[in-house]
Amino acid sequence: MKFSIQREQLMESVQNVMKAISSRTTIPILTGIKLEATQDGVKLTGSDSDISIESFIPAEEDGIVYVENIEPGSIVLQAKYFPDIVRKLPQKDIDIESDDKRNVTIRSGKAEFHLNGQDAEEYPQLPQLHTEDSFELPIDLLKSLIRQTVFAVSSSETRPILTGVHVKLENGHLHFTATDSHRLAARNIPLEKREGQGEIPAVVIPGKSLNELNKILADSEDIIEISVTENQVLFRTKHLYFLSRLLDGNYPETSRLIPEESKTTVKIDTKELLQSIDRASLLAKENRNNVVRLITQEGNQIEINGNSPEVGNVVEEVVADSIDGEELKISFSAKYMMDALKAINYDQVKIEFTGAMRPFLIRPIDDEQILQLILPVRTY
């Protein structure tokens, strides 16, 4: 195997596939990065058997040459050393070659590294997903779906199914839902059906996979294809192939959690409310979940307060655009509320309360497709 490549392109691909490599894997060869050179370009692969990522660097694209002098072949290099070597090479051009004893030479400028490679034949083959169950989205839309839901997955392994995001496509709508049983984040979007496309079975994608995917994808209006099988999901763009296992089990029926009617509705500026809760939480850190209280008052005033008996307390008044319905005193986790408000990404929000001990909903004023739900906290 032999090729010359631009350092910037190689570094970007290395960083992408590194997101799938874990030092804790039980299969030793998976601690390496697989490099595969063909006349079309160079493909890098990283995997921890839960997530697999392939990144392709074309030999030439739009008249720009990225890889040349290619002699096809493949090798696996230690992920512990290879990325640092590439990052610190002195020149923009890198020559990589391996001999028949799997000794790899990496040259750039006057620097020359020799690494022992491993046999690429021993590297597990990634399944090539061919499935009818696929749909397409603009990348930036997928990123916003992930951003508005994934933060609400559970971080505890006691109910593994809640560590993932529930994704389903039905009746022309794509639904993303995440919950850790104390809060829920949901977003749905209308999706045009393609010729011959069936319904996509509901799946649960690990939150960790979606976080990594979100980091790798650059904001763009390019299209990403999403394909689903019984136990895996594949995200594919022009040069990236991101495969993740799915979580097994039944996802809870979350639609029951969402209150039908509300007793108190508050419309308010998102940023003002967020900053005021942020300040109130400064003195509410002592108790485990930084509980703050919200009390509605006359004249569209809302009092937000945070209190730690040993530390002190903070009280702040915020003016809402409108308050309709019954008076209310409610306590909730400041962190959950702040996460929800940040995810919504609209200037004005509508908060619908159904009493001090019932879950409440936060939505943008003009968009029914985004929904955040939070369970209040009992304070006596």
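## Contacts, pockets and rings in a predicted model

Leaving aside residues up to four places away in sequence, Glu317 touches Gln297, Gln301 and Ile302, a contact being heavy atoms within 4.5 Å. This is a predicted model, in which local features need pLDDT of at least 70, side-chain atom pairs count only at pLDDT 80 or more, and totals for chains, interfaces and linings use all residues. Residues are numbered from 1 along each chain as its sequence is written, and side-chain values use heavy atoms, with hydrogens and water left out.

Glu317 sits in strand β23 (residues 312–319); helices (H or I, at least four residues) and strands (E, at least two) are DSSP runs, numbered from the N terminus. Glu317 counts as partly exposed because its relative accessibility is 47%, where buried means under 20% relative accessible area, exposed over 50% and partly exposed in between (1.4 Å probe, protein chains only). Between the C-alpha atoms of Glu317 and Asn305, 12 residues apart along the chain, the separation is 8.7 Å.

The table sets out two pockets. A pocket is an open set of points on a 1 Å grid over the protein atoms alone, where a 1.4 Å probe fits, with protein on both sides within 12 Å along at least five of seven lines; lining residues have an atom within 4 Å of a point. Grid points are joined across faces, edges and corners, and a volume is the space filled by probe spheres set on the points. Ala, Val, Leu, Ile, Met, Phe, Trp, Tyr, Cys and Pro count as nonpolar, Asp, Glu, Lys and Arg as charged, and the others, Gly among them, as polar.

| Pocket | Volume | Lining by class |
|---|---|---|
| Largest pocket | about 650 Å³ | 10 nonpolar, 7 polar, 7 charged residues |
| Second largest pocket | about 530 Å³ | 12 nonpolar, 9 polar, 6 charged residues |

Of the 24 residues lining the largest pocket, Glu12, Asn16, Phe56, Thr237 and His239 lie nearest its centre. Two or more lining residues come from each of α1 (7–18), β4 (51–58) and α4 (207–216).

The second largest pocket has 27 lining residues, with Lys168, His175, Thr177, Thr254 and Ser255 nearest its centre. Strand β15 gives the largest share of that lining, 4 residues.

The structure holds 3 aromatic pairs. One of them, Phe353 with Phe360, is tilted, at 5.0 Å centre to centre and 40 degrees between the planes. Rings of Phe, Tyr and Trp (its six-membered ring) pair if their centres lie within 6.5 Å; planes under 30 degrees apart count as stacked, over 60 as edge-to-face and the rest as tilted.
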